Amino acid sequence: MVKDPRGLKLDWQTVDLQTLVNRLKDSRSTVQKQAIHALGSRGVSAVSVLLEVLDLSNRASIKLSAIWALTRINHPTARTAVRSALTDASETVRQAALHSVALWRDASAMTELMSMVKDGSLSNRRVAAEALGRLRDASAVPALLASLERDVDRTLEHSLSYALIEINDAVAVRQGLNSKNSQVIRGALIALDQMAERDLKAREVIPYLESDDPVLVDTANWVVSRHSDWGSDLAEYLSSLMKQSLSPETREAVMTKLARLIDDSAIQEVIAESLLGDASESRVMCLQVIGESQLK
């Protein structure tokens, strides 16, 4: 049986800093947590010994404890110490340091964050994106867009897009629409649609509805589906489509758009025009849309 598993018999108030650091290595997890809390409560006086742990220890678990203790200390020297761990050999240690930087919105870590969001591991890039989003500095937008060009999973893609949304600089994000990479364009479209400025224009999205890239087609359709106010802007595009011979997939997509926008007078005019036209396929499509609508 472990004696004093919670460390209740240990001196936590008057013990020296080095003893507290040694307790970070204790086999009792509760004692380790108590040591982290105790070191954090010592404030700036504990920074130097914790920095020494980051510099000299070869155990990632001990470095993690040092980072969590430093995160509890509200002082610039603690932020500097944590930043030193951003280049640690251990991915887990870097991840903890990134979380700390994000929590404190440490603007002094911008250079490291922009480098890591492009070149780090997937998990490190995700938290670096989170930190950049919290800093809301538009100078980070090119790095976030560049990260979308590289291997991404859905979680990282979401973090990068959300960081762009938080930064909320439409001019900077719009540069992503000039990219030749579909993932970058997708991220820029989503961010422009979601950010507070919300100044994405229908004319910027319509060309992607006919892209050869399914990623861009899906993204453009998703964006359009969120804008019942774009009826007038889409009317001419939908009218021209309905005069063509459409594949079953395109036909279904057109009907979906008509149904969502049918309250708009411009779309109603497109439907009326098609009903009076010569193309039987278009007439059938419009009758189906009308039949499924709630309009009288």
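Helices α3 and α5 are roughly parallel to each other (angles under 35 degrees count as roughly parallel, over 145 as roughly antiparallel, 65 to 115 as roughly perpendicular and the rest as oblique). α3 (residues 47–56) and α5 (residues 76–84) pack at about 0°, with axes 10 Å apart. This is a predicted model: local features need pLDDT of at least 70, side-chain atom pairs count only at pLDDT 80 or more, and totals for chains, interfaces and linings use all residues. Numbering runs from 1 along each chain as its sequence is written, and side-chain values use heavy atoms, leaving out hydrogens and water.

**Helix pairs**

- Helices (H or I, at least four residues) and strands (E, at least two) are DSSP runs, numbered from the N terminus.
- Axes are lines fitted to C-alpha atoms, for helices over the stretch in contact, and angles run from 0 to 180 degrees between N-to-C directions.
- Between α3 and α5, the contact (heavy atoms within 4.5 Å) is made by V47, L51 and L54 of α3 and T77, A78, A81 and S84 of α5.
- By class, the α3 contact with α5 has five nonpolar, two polar and no charged residues (Ala, Val, Leu, Ile, Met, Phe, Trp, Tyr, Cys and Pro count as nonpolar, Asp, Glu, Lys and Arg as charged, and the others, Gly among them, as polar).
- Helix α12 (residues 182–194) and α14 have axes that come within 9 Å and cross at roughly 5°.
- That makes α12 roughly parallel to α14.
- On the α12 side, the contact residues are S182, Q183, I185, R186, L189, I190, D193 and Q194; they meet V215, L216, T219, W222 and V223 in α14.
- The contact of α12 with α14 has seven nonpolar, four polar and two charged residues by class.

- In soluble globular proteins, nonpolar side chains tend to be buried together.
- L50 touches L24, L39, A66, A69, L70 and I73, not counting residues up to four places away in sequence.
- A78, in helix α5, is buried, with a relative accessible area of 0% (buried means under 20% relative accessible area, exposed over 50%, partly exposed in between, with a 1.4 Å probe and protein chains only).
- With residues up to four places away in sequence not counted, A78 touches V47, L70 and I73.
- C-alpha to C-alpha, A78 and L50 are 8.9 Å apart in space; in sequence they are 28 residues apart.

- The 14 residues of α6 (residues 91–104) should span 20 Å at 1.5 Å a residue, and the end C-alpha atoms are 20 Å apart, which agrees (expected span is 1.5 Å times one less than the number of residues).
- Buried residues of α6 include V93, R94, L98 and V101.
- Their cover includes α4 (60–71), α5, α7 (110–119) and α8 (122–135).
- Helix α15 (residues 231–242) has twelve residues that should span 16 Å; its end C-alpha atoms are 15 Å apart, which agrees.
- Among the buried residues of α15 are L234, Y237, L241 and M242.
- The buried residues of α15 pack against α14 (214–225), α16 (248–261), α17 (265–275) and α18 (280–292).

**Positive phi**

- Most residues other than glycine have a negative phi.
- D4, not a glycine, has a positive phi of about 45°.
- D4 is in the segment before α1 (17–23) and is buried at 18% relative accessible area.
- R136 has a positive phi near 55°.
- R136 sits in the loop between α8 and α9 (141–148) and is partly exposed, at 45%.
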